[in-house]
2 protein chains.
Amino acid sequence: MKHTKVKDLLNSTTTLQEVNAKGWVRTFRNNQFIALNDGSTINNIQCVVDFENTPDETLKRVTTGAAISVTGTLIESKGAGQKYEIQVNKLEILGDSDAEKFPIQPKNKPSLDFLRENAHLRVRTNMFGAIMRVRSVLSFAVHNYFQQKGFVYVNTPIITGSDAEGAGEMFKVTALPFDNTPRTEDGKVNYKDDFFEKETNLTVSGQLEGETYAMALGQIYTFGPTFRAENSNTSRHLAEFWMIEPEVAFNDLDDNMDLAEDFIQYVIKYALDNCKDDLAFLEGRLLEEEKSKPQAERSEMALLEKLNFVLENNFKRVSYTEAIDILRDSTPNKKKKFQYIINEWGADLQSEHERYLVEKHFKCPVILFDYPANIKAFYMRLNDNTEPGRETVRAMDILFPGIGEIVGGSEREERYDVLIEKMKALEIDEEELSWYLDTRRFGSATHAGFGLGFERLVLFVTGMTNIRDVIPFPRTPGNAEF
Amino acid sequence: MKHTKVKDLLNSTTTLQEVNAKGWVRTFRNNQFIALNDGSTINNIQCVVDFENTPDETLKRVTTGAAISVTGTLIESKGAGQKYEIQVNKLEILGDSDAEKFPIQPKNKPSLDFLRENAHLRVRTNMFGAIMRVRSVLSFAVHNYFQQKGFVYVNTPIITGSDAEGAGEMFKVTALPFDNTPRTEDGKVNYKDDFFEKETNLTVSGQLEGETYAMALGQIYTFGPTFRAENSNTSRHLAEFWMIEPEVAFNDLDDNMDLAEDFIQYVIKYALDNCKDDLAFLEGRLLEEEKSKPQAERSEMALLEKLNFVLENNFKRVSYTEAIDILRDSTPNKKKKFQYIINEWGADLQSEHERYLVEKHFKCPVILFDYPANIKAFYMRLNDNTEPGRETVRAMDILFPGIGEIVGGSEREERYDVLIEKMKALEIDEEELSWYLDTRRFGSATHAGFGLGFERLVLFVTGMTNIRDVIPFPRTPGNAEF
């Protein structure tokens with residue numbers, strides 16, 4: 001007979017004469033009660049074994065991690081905590097799990113570090129099952145949001161021949177024999193002999209290609225892997241991460257901020273509506289984790305409260321100039337508690353400043369906009385009425401409590417002449433980006449977009465604190481197992 | 001005032017006093033009729049300019065490709081072909097497009113080759129606008145299908161430290177200084193100094209990592225970029241393509257075939273329901289293209305007919321052994337018209353044989369299953385009752401007319417001992433795949449999955465004939481522009 005998912009059994013509206021469930025043993029107690037999980041939900045179904053009529057041989061094999069099949073009757077449970085349980089008539093061991101060897105023993109409370117090293121097995125724990133289901137639902141929310149609004153999903157290239165994006169250090173991609181690369185006369189690697197007959201890298205952003213599509217299809221978004229070869233061994237950086245980059249023709253900076261805020265609120269609401277059990281579990285986990293912290297470092301809000309807070313409150317929109325004033329007058333600046341003291345307009349904000357604004361001053365998500373031109377990327381739109389020496393661009397960053405920057409975006413410089421001048425000043429190769437400049441040569445128009453680091457969103461929604469715990473197989477300096 | 005999308009204006013149920021539309025000029029005739037497109041639909045909205053009261057200066061700038069803003073009244077159109085049009089009160093040029101320089105002039109009927117070289121601009125044509133909208137809707141259909149069924153979307157790693165998958169030639173990924181790589185004593189590149197401190201490649205498949213997740217979450221799917229460094233300059237191969245790989249615990253080969261067939265029918269139906277205008281256009285394009293072919297080479301069915309045929313007919317399931325019998329007795333085999341003559345059981349099927357089966361013999365999509373073990377991958381489940389010397393595995397390939405293989409999958413070898421024996425025979429490093437073997441060490445169970453090349457699906461649904469035309473920025477040998 002066909003097996004039924006544990007989720008469907010637990011959601012049954014009636015008892016059932018004969019059901020079959022398959023899954024993995026989480027616990028087995030009193031030689032009688034199996035907690036069975038099949039990944040369809042964080043909840044286990046209790047399977048009650050008739051141990052007197054089951055061979056000892058079989059009972060011994062019911063160990064944590066073993067795959068089993070149980071056939072029986074779905075009856076109302078007398079125990080607390082579940083409505084239904086399976087009265088087992090037939091118990092079959094599909095795959096054993098040697099209790100001495102299976103690394104994920106709940107009793108041992110494996111550390112997050114240990115679980116990271118066992119990324120292929122950690123998903124068998126409640127915690128990682130919950131995280132990965134939430135991640136999946138959030139992904140779907142992203143597509144739902146944009147597709148409902150008529151955005152076109154665009155797969156920008158992963159291998160890129162363009163090295164002028166300047167968003168960060170890039171990984172090289174090659175099919176050359178690596179130990180013995182062909183060389184040109186001056187001793188450099190001869191890329192003409194490589195697969196693509198030129199130097200290629202892994203993309204750091206699909207924005208520039210995305211812009212060419214927005215200028216034809218109007219509203220587009222990307223959602224794909226992105227790479228940075230930066231030696232950042234922090235809890236917020238990955239060498240391989242997933243990024244969402246919408247780009248909209250005829251949108252200005254205000255539209256862009258509206259879109260980003262509405263989008264983030266939509267996907268968080270979607271997770272709250274569709275991941276109740278998983279988020280409840282993760283809220284409990286976070287409370288537990290925080291018990292070991294000093295009172296001052298604990299979150300003021302529990303996980304669900306924090307997510308609801310983001311839904312119910314507008315993000316605070318603050319210009320860079322206002323932010324600098326706030327920071328200059330702040331207690332940690334005056335008392336020289338910041339590592340980087342803010343003295344002057346033009347200073348690049350560090351993560352300590354962002355955290356102060358979000359976590360101490362405004363106590364809500366903040367959108368900073370109108371940054372100094374010289375600390376932002378070449379393609380951002382120069383504001384019209386700025387003082388000489390204090391030029392600003394229509395950039396925006398969204399800062400989240402505990403996460404820092406979750407979104408970076410801008411209205412783009414749509415004026416060919418202004419863009420060219422900027423590129424010249426920054427010595428960006430016009431020839432290399434000629435295709436990008438075509439968007440400004442032919443039918444240019446105001447447009448804007450942003451990038452959202454998906455893992456930072458998952459981090460925020462799940463309440464986890466290390467980004468390596470919200471992607472299945474994290475890539476960081478020195479780590480590319482699996 | 002806020003602009004309204006062309007799609008919404010065309011779908012209006014009433015005339016409207018004042019509307020604003022923004023988009024790009026497709027054509028401008030009689031100094032009066034602008035066909036305006038904004039990418040929201042393949043259809044243009046006709047904008048009627050009061051040319052007597054519009055400065056010549058402005059009218060001259062209304063050229064193909066120019067970005068404009070029109071404000072006016074949405075009225076019922078007297079012309080044929082559209083219900084509504086805009087009576088323009090105010091015409092504003094947002095971005096010029098020099099008619100002498102803009103490469104995409106509809107009059108010139110640019111070739112597909114020329115358009116490929118201008119991949120950043122080709123999306124401004126009706127054809128590529130339609131293809132990319134259909135591609136986007138198909139992507140969403142993929143997520144819809146799996147999410148509705150409770151599958152968890154898993155992002156398997158793009159950069160992989162595992163080189164034992166054996167699905168094809170891999171691209172290397174490195175952050176080493178390429179002209180001057182550090183070396184070990186024996187003169188080889190010292191990967192210990194590289195970013196990940198080991199040799200890394202771009203993934204050829206997420207299957208093995210996906211299996212580890214299926215054995216915890218039950219039903220998972222991947223949908224991400226995949227890479228092959230193979231020098232295949234054909235109309236069906238890309239070096240970078242998107243692949244969908246579902247993997248389901250407790251599914252056997254029959255379940256796997258059922259899932260693949262149901263999935264493909266769902267996504268095609270979804271496109272038919274949601275891309276009517278684009279598919280109608282693409283059907284017309286295909287008819288036009290086929291006019292230049294000899295009668296015998298033309299499709300027997302028009303595009304929509306072909307898509308509906310796939311929905312309405314079960315895929316024909318044929319064992320490899322039956323297929324060999326059919327091929328051996330076929331006219332092209334007897335008359336030695338095949339390049340590779342089929343004499344014996346065990347022969348690997350070539351594309352000419354697959355095409356014969358699908359296009360001549362069965363005339364419908366075909367699922368071939370139970371292939372000889374020695375022409376298939378190590379992880380496929382050995383059939384229990386096969387004759388010695390004629391061992392088969394529970395593999396399946398789905399073959400589509402005009403496309404060839406669109407799906408490859410199998411039930412996986414879940415028995416640790418059998419799998420190890422197979423790996424030994426093929427000299428696959430057990431140590432390297434120890435994490436994969438853990439799925440068989442701990443709680444192993446029957447499971448199955450498949451991979452579907454997304455671009456081949458888009459090719460089939462759009463009726464295009466070259467895979468380079470269904471991905472925004474194709475990567476093939478010698479091509480990595482943008």
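How many residue pairs are in polar contact across the interface of chain A and chain B? The legends below take up this question and others, panel by panel.

This is a predicted model, in which local features need pLDDT of at least 70 and side-chain atom pairs count only at pLDDT 80 or more, while totals for chains, interfaces and linings use all residues. Residues are numbered from 1 along each chain as its sequence is written, chains are lettered from A in the order in which they are written, and side-chain values use heavy atoms, with hydrogens and water left out.

**View 1. Polar contacts and salt bridges between chain A and chain B.** Across this interface the rule finds 43 residue pairs in polar contact, both residues being at pLDDT 80 or more; a polar contact is a pair of N or O atoms within 3.5 Å, where, within protein, one must be able to donate a hydrogen and the other to accept it, and residues adjacent in sequence count only if both atoms are side-chain atoms. Helix 4 of chain A (residues 126-148) gives the largest share of the side of chain A that touches chain B, eleven residues; helices are DSSP runs of H or I with at least four residues. There are also four salt bridges across the interface of chain A and chain B, a salt bridge being a side-chain nitrogen of Lys or Arg within 4 Å of a carboxyl oxygen of Asp or Glu. In one salt bridge, the side chain of A:K198 meets that of B:E481 at 3.6 Å, N to O.

**View 2. The area buried between chain A and chain B.** The contact, meaning heavy atoms within 4.5 Å, takes 111 residues from chain A and 111 residues from chain B. About 8800 Å² is buried between the two chains, and carbon and sulfur atoms give 63% of it; buried area is the accessible area (1.4 Å probe) that two parts lose on being put together, summed over both. A:F178, A:F250 and A:F442 supply 10% of the area that chain A buries against chain B, more than any other three residues.

**View 3. The rotation axis relating chain A and chain B.** With copies superposed by least squares on the C-alpha atoms of residues with pLDDT of at least 70 in both, chain A can be laid on chain B with an RMSD of 0.0 Å by a turn of 180° and a shift of 0.0 Å along the axis. The two copies are thus related as by a two-fold rotation axis. Of the residues of chain A, A:V173 comes closest to this axis, its C-alpha lying at 2.4 Å.

Note on methods. Helices (H or I, at least four residues) and strands (E, at least two) are DSSP runs, numbered from the N terminus.
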